[in-house]
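Hi,

Here is the structure I said I'd pass on. Have a look at it first, and then read my notes below.

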Amino acid sequence: MSFRDAISRREFVQWAVKAPVALGLADAFLPRLAHALQDAVKEYPIIWLQASTCSGCSVSVINTIHPSIKNVILEQVLPGHQLLMTYHGTLMAATGSLSIEAARNTLEKSRKKYILVVEGAIPTAEKGAYGVIGEENGHAKTMLDWVDTYGREAMAVLTVGTCAAYGGIPAAAPNPTGCKGVLDVFADFKIDTPVINIPGCPCHPDWFIGTVAKILLYGMPKPKELDEFGRLKLFYGRSVHNRCVNRDYLDEGIFSTEFGQEGCLLELGCKGPFTNADCPIRLWNGSVSWCINAGAPCIGCTEKGFPDAHSPIYQRR
Amino acid sequence: METLRKTIAIDPMTRIEGHLKIEADIEDRKVVNARVVGTLYRGFEQILIGRNPVDAIQISQRFCGVCPTPHAIASTLALENAFGIMPPNNGRIIRNIMQAANYVQSHVLHFYHLASLDYFRGPDVPPFIPRYESDYRVPKSVHDALIQHYIQAYQIRLKAHELSAIWSGKMPHVASIVPGGVSIIPRIDNITTSLWRLKELTEFIDNVYLPDVITLSEVYRDYFSIGVGPKNYLSFGLFDLDAEPDVTRRKRLFPMGRKVDGKLESVDPGAILEDVRSSWYRSGSHLHPTKGETTPAVGKKEAYSWLKSPRYDGKVYEVGPLARIAMMQANGSLPAGKQLIDKTLHDLQLEASHLSSVMGRHLARAIECKLVADSLGEMIMQVKLEEPVCVPYVIPETGQGMGLWCAARGALGHWVEIQGGKISRYQAVVPTTWNASPRDDRNQPGPIEQALIGTTVDDTENPFPLARIVRSFDPCIACAVHILEPGKAVKKFRIL
């Protein structure tokens, strides 16, 4: 097995300058090299753990537009700040034990210096046996073990999506696998690594990039910047309802009672009044739309109680 | 002479959706037996029981963030079947648009971001290192182009998501699919902006994606005889063209059907049974999804997977783009499709039978992506402003429904049973359950296992041919492993 070790930035730059042809780097990566040459680039290794997840948050985050996902994983996401995605189950080249080594290596070399991103809830029933990723020392390693090992030694944890933040869909009643969010697992394990929640089903790419940028430029958020659910007020500080594009319908008393009708969607179960997120002004997917613009009620996907507190989804609460 | 037998495990299998482990027994450099094991269980069916039936649309699409659209649609079709309603034209057409955009997104993502790094070296930075040093054969010019295309493909799949989100509100996770149709009231700008996004997608597929796959087909020609599957194909079809209530008689752009032992046959949903001989369940085997039971039996002798083994008439079927393309090639139902498939095979000097292979699956997926994109413009133009998008529905006290559709990865079925106005039973048989299924009651290995068996592995420390075979199926394990009840600890994962 030829495991190529991740090399340090300085070594990489020195090496790259000497032998760009040998490296076989395409033009696509040259701008990044140029930046890297300007010294003093701060590097942030990222271990991205996918636990009990549908992968929708990864799919959503790679929808980031400015910066593009190329900017995020291959270039300095901010001047002088470079993310190094050393482990991501869906994106990384390595597979099998080689991929596990990559994560392990990051932990050992960058203790308390890497960011752990968790996507998906953590199955805790039966000592975590419902979710396993790879093996370590000849034993299957549960997702719960992963969060313990890699959460304890991280500089900070970002939970991407409602499942990682609060349990979300797999934790819905009867929660067959005992799924929990990261903060609850940390409480059980007495781990005090700081956690910032970036919920949503999925997490909006801007919320993720914005949170990362905030940490890179200003350090970990102060308590007053977070709400009681561990979210940045910046993105989750105001309700969907109060900034909804359909407020004029509400004021005029025009309500949709069936799908496909113009009107405020409260009678169809809209959870906008109980949901904090900036979807109405941020919009989704290159700002082409959001749920309400497609005539669909807000389902409260950024909230701690999602989905059970919002069920039945299409009935007025 | 003593043969050298060794068991290797690839765990985790990365660059797929979900959590998967592959085990292979290798004797004299050949895979003699293979086991495909899902390593995450979420328990969706249990979560759905007791809920308002309509909630299934939002919850079941969280099976998968790559392909939520087909789950939303199959779930809705099952509900509509139970409610006794059919969507109006606009509802049907707008769902087709969302599904088509999702196919493009999924196929582009799969080829470039999940599979292509098996064939060329990425740049020497994470997440492209570390990597297995595999047989990367493409010349430097092609290699450099593939890196550019890998990056460009991120933007293209994002555009495909935008095209969908114009109609679905956001992606992933569709907001606008509801029983009776869709909730979006179409406007003229939805149509224009969709068409111009589609143009970018089409240009990429025609000038980059399909040519790249053809280039790899030439360079890796031996991979047209590696990873041969069962050669029985099943498709439930998709893209409804009418509102015939009986799904088996409904006209679909990509038809429902089977190709078995070389012959084209129709589909009888009653012939689908699930075996559990090799699955950790002690409940009845050989049952229809509407009757399926899931009583776990950890440590059950000879069992090795949480996946059941769906079989049609007891036979092993492959599902997915290859199945749909093989059927289209045989039945000529979409003339432009047959023409493109035949021309591509002719240009590459291949027979249709070569499609059952690693490279054949990539080629089938790329061809299908083009056919879907080429059909999408017409779908968009079929949307009629001012016409209804939805019919009202009433949730019955009791009922049952079946929704058959095709996700990008293959045939997808949702079955719902309603009692007291709530879900009393919910079962989904998803594409990867077919493809990644373990050995059935007759000891027949599943399609991926069949494709692995017989493969030559020169270096057991670097089993890249096996990873290539598995990825050619585009497995989606989050979908596949969702059946189990809480029970004893799952301690019997094989430790190698």
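Let's start with a sheet in chain B: it is open, has 3 strands in the order 13-14-15, and pairs antiparallel. Strands here are DSSP runs of E at least two residues long, helices are runs of H or I of at least four, and both are numbered from the N terminus. Two strands pair if DSSP finds at least two bridges between them.

Before going further, a word on the model and the labels. This is a predicted model, so local features need pLDDT of at least 70 and side-chain atom pairs count only at pLDDT 80 or more, while totals for chains, interfaces and linings use all residues. Residues are numbered from 1 along each chain as its sequence is written, and chains are lettered from A and ligands numbered from 1 in the order in which they are written.

Strand 14 (residues 410-419) of chain B runs antiparallel to strand 15 of chain B, and 7 bridges join the two. Gly413(B) stands opposite Val429(B) of strand 15. Helix 3 (residues 68-83) of chain B packs on this sheet, where it touches strand 13 and strand 14 of chain B, and its direction makes about 150 degrees with that of strand 13. For angles like this one, axes are lines fitted to C-alpha atoms (for helices, over the stretch in contact), and the angle runs from 0 to 180 degrees between N-to-C directions. Contact means that the C-beta atoms of two residues, placed from the backbone, lie within 7 Å.

Now the helices of chain B. Helix 3 of chain B and helix 4 of chain B cross at roughly 150 degrees, and their axes come within 9 Å. That makes helix 3 of chain B roughly antiparallel to helix 4 of chain B (angles under 35 degrees count as roughly parallel, over 145 as roughly antiparallel, 65 to 115 as roughly perpendicular, the rest as oblique). Their crossing is left-handed, a term used if the near helix is turned anticlockwise from the far one by less than a right angle; clockwise is right-handed. Thr69(B), Pro70(B) and Ile73(B) of helix 3 make this contact with Arg95(B), Met98(B), Gln99(B) and Asn102(B) of helix 4.

Helix 4 (residues 89-115) of chain B also packs against helix 9 (residues 358-382) of chain B, at about 150 degrees and with the axes 9 Å apart. These two helices are therefore roughly antiparallel as well, and helix 4 of chain B passes helix 9 of chain B in a left-handed crossing. The contact residues include Ile93(B), Tyr103(B) and Phe111(B) of helix 4 and Cys369(B), Val372(B) and Leu376(B) of helix 9. By class, there are 15 nonpolar, 6 polar and 2 charged residues in this contact. Nonpolar covers Ala, Val, Leu, Ile, Met, Phe, Trp, Tyr, Cys and Pro, charged covers Asp, Glu, Lys and Arg, and polar covers the others, Gly among them.

What does helix 8 of chain B pack against? Helix 8 (residues 335-347) of chain B packs with helix 9 of chain B at about 145 degrees, their axes 10 Å apart. This time the crossing is right-handed. Among the residues that meet are Leu340(B) and Ile341(B) in helix 8 and Leu363(B) and Ile367(B) in helix 9.

One loop residue to look up is Thr456(B), between helix 11 (447-452) and helix 12 (464-472) of chain B. Thr456(B) has 11 C-beta neighbours inside 10 Å, so it counts as exposed (12 or fewer other C-beta atoms within 10 Å is exposed, 20 or more is buried, in between is partly exposed, with C-beta atoms placed from the backbone). Thr456(B) and Asp28(B) are 428 residues apart in sequence, yet 8.7 Å apart in space, C-alpha to C-alpha.

On to chain A, which has 13 helices and 10 strands. Of its 317 residues, 55% count as buried. Strand 6 (residues 132-136) and strand 7 (residues 139-142) of chain A pair antiparallel over 3 bridges. In their hairpin, with 2 residues between the strands, Asn137(A) takes a positive phi near 50 degrees.

Finally, the two chains meet: 83 residues of chain A are in contact with 86 residues of chain B. Helix 6 of chain A gives the most to its side, with 5 residues.

Cheers
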